[in-house]
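Take a look at what is shown below, then follow along.

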Amino acid sequence: MQSTPPSTTGSSAASIRSKHPYKEPKQVEALKNFRDLLGPDNVKYDDGELMRFIVARSYDLNGAKTQLLASLDWRAANKVDDLPIPGPKNSNGVMYAVRGWHSVPDANIEAGQPNVPEHAVRLQKYMGGSSLHKWDKAGRPIYIERMGQHNVKGLAKNVTTPELVDYHIRCTEFVHNTIMPECEERFGTDDKVIDKETVIFDCTGMGFHQLHMEGLNMLRSLTDMDQKAYPERLGKLFIVNSPFVFVKVYSMIKKWLDPGVIEKIHILGKDYKSVLLAHIDAENLPDFLGGACTCSHMPGGCVPSVIMNNIKPVPKAPVSNGNLLAVPTYLRPRSSSAASANSIMDFVMPHAKDGIYQMFSTLSHGKPCEYEVVVADEDVEREPEVLIKFRVKGVRAACDGLNFTVARFEFGEKADSGTIVVPTKFYNLSDCPESSEGIEIKFRAKAAGLYVLSWMPENPRGLTQMEYGVSVDGVLGEQTADSP
């Protein structure tokens with residue numbers, strides 16, 4: 001198994017500490033002061049890694065330190081450094097198409113390959129196609145995605161956010177720890193560090209049918225995680241064949257992005273070929289994007305796509321939830337809720353404790369707190385029922401107790417038309433003190449859908465703060481007497 005050193009944040013395995021690309025007085029001073037701020041631990045990090053966090057926080061060194069340490073905590077809590085990524089010294093399968101590299105031979109994702117999780121195979125059915133395809137003129141790896149072909153609704157319905165996040169992390173770690181070291185070896189110099197990638201999103205086929213809110217929320221999860229855990233890894237992003245509908249999508253996405261990321265985005269319409277060829281040699285650019293490459297030796301060519309029928313669907317792999325880093329479902333505070341979280345990483349990949357995933361909320365006066373749990377069709381197919389447990393403890397509030405209820409919505413159903421699954425029940429505040437296990441509420445999701453867990457303080461006289469958790473498990477065996 002290939003992994004990154006536990007003290008890093010997924011930096012290139014090729015050390016750049018001995019290189020001297022950061023020669024501007026501002027950079028030199030910032031690196032020196034940042035190392036002083038980090039203390040003895042500064043020796044764990046190379047200059048490139050530190051500079052990425054410095055730039056991401058606009059040279060606010062205290063902010064850079066906070067983000068660096070938070071990313072290390074996140075990696076440790078989710079065992080990111082233990083992920084089995086493809087590399088020259090193992091036989092791990094790839095997560096998407098790979099073209100043109102020495103460290104990993106050209107390949108497509110296949111079921112049954114070592115350490116390829118089932119959900120990585122399943123989501124290929126709904127993805128428009130993607131490929132890590134050669135390199136640009138700066139020596140950066142090129143990632144190409146046929147964004148306009150995505151089945152966004154199918155993706156949101158059949159692939160959970162934690163599954164998509166897990167897949168994205170595996171792909172990202174592969175690029176940073178296998179491909180970028182090769183780029184450093186092949187194209188790097190003493191004055192040039194290769195620690196970023198070039199991305200091309202092809203919007204051909206994009207339409208209003210892709211404006212699916214749950215799918216956009218999943219995209220936001222990935223975007224937020226990338227900016228927090230993998231800062232300054234994007235070199236350039238070219239969005240080509242962008243139709244009018246993309247303007248609508250981008251108006252929402254832009255609000256999630258840091259200003260430094262926005263500066264790297266180039267939105268192009270149909271007249272994009274000369275721009276791409278100014279950055280990428282023709283032999284490294286697929287012919288459908290104006291280049292000369294076809295990758296005719298590989299099934300699916302440069303960018304295989306099940307949706308575009310240039311490759312056969314990947315057969316289903318055996319289900320193994322043990323491969324998933326986080327909870328086996330999609331969990332998030334509801335957008336209309338008063339719930340708050342420290343960051344999206346907290347609730348997309350929360351920390352496990354006794355099987356319950358701990359989160360915190362502060363409820364303002366008289367407002368409910370709502371939490372969404374998506375149970376996909378394939379979750380129900382794998383297990384006859386899905387058991388959802390909700391636990392509350394550590395309530396610190398000026399109220400008499402909590403009213404709890406659960407409603408189920410069909411996918412795409414309006415917010416006011418759900419079906420009550422668990423009728424409203426009052427729980428006295430004394431039932432969930434901080435020193436005990438608190439109250440635990442169980443209910444069984446017997447059908448796919450969006451389950452909204454809602455709780456409202458009874459007779460609130462100020463802010464309500466609570467620690468709570470949600471777990472979702474496939475049900476095996478007989479129901480117990482306390483199961484609704």
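Predicted model: local features only at pLDDT ≥ 70, side-chain atom pairs only at ≥ 80, totals over all residues.

**A walk through the model**

Visitor: Where does V247 lie?
Guide: Helices (H or I, at least four residues) and strands (E, at least two) are DSSP runs, numbered from the N terminus. V247 sits in the run covering residues 244-253, helix α8.

Visitor: In what order do the six strands of the open sheet come?
Guide: Two strands pair if DSSP finds at least two bridges between them. The pairing in this sheet is mixed, and the order is β1-β2-β3-β4-β5-β6.

Visitor: Which are the edge strands?
Guide: Look for strands that pair on one side only. Those are β1 (97-99) and β6 (265-267).

Visitor: Over how many bridges do β2 and β3 pair?
Guide: β2 is residues 130-135 and β3 is residues 141-145. W135 stands opposite P141 in β3. The two strands run antiparallel, and the bridges number four.

Visitor: At what angle to β2 does helix α6 run?
Guide: Axes are lines fitted to C-alpha atoms, for helices over the stretch in contact (heavy atoms within 4.5 Å), and angles run from 0 to 180 degrees between N-to-C directions. Helix α6 (residues 161-187) lies across β1, β2, β3 and β4 (197-202), and its angle to β2 is about 10°.

Visitor: Is N241 buried or exposed?
Guide: N241 is found in the loop between β5 (234-240) and α8, and has a positive phi of about 55° although it is not a glycine. Buried means under 20% relative accessible area, exposed over 50%, partly exposed in between (1.4 Å probe, protein chains only). With a relative accessible area of 9%, N241 is buried.

Visitor: And K79, buried or exposed?
Guide: K79 also has a positive phi of about 55° without being a glycine. Its place is the loop between α3 (61-77) and β1. Given its relative accessibility of 56%, K79 counts as exposed.

Visitor: How many residues apart are R75 and E173?
Guide: These two form a salt bridge, with the closest N and O atoms 2.9 Å apart; the term means a side-chain nitrogen of Lys or Arg within 4 Å of a carboxyl oxygen of Asp or Glu. R75 is in helix α3 and E173 in helix α6, so the pair links distant parts of the chain. R75 is buried at 2%, and E173 is buried at 2% too.

Visitor: By about how much of a helix are E182 and R186 separated?
Guide: Their side chains meet in a salt bridge (2.5 Å, N to O). E182 counts as buried at 6%, whereas R186 is partly exposed at 29%. Because they are four residues apart in helix α6, their separation is about one helical turn.

Terms used
Residues numbered from 1 in each chain as written. Heavy atoms only, no water.
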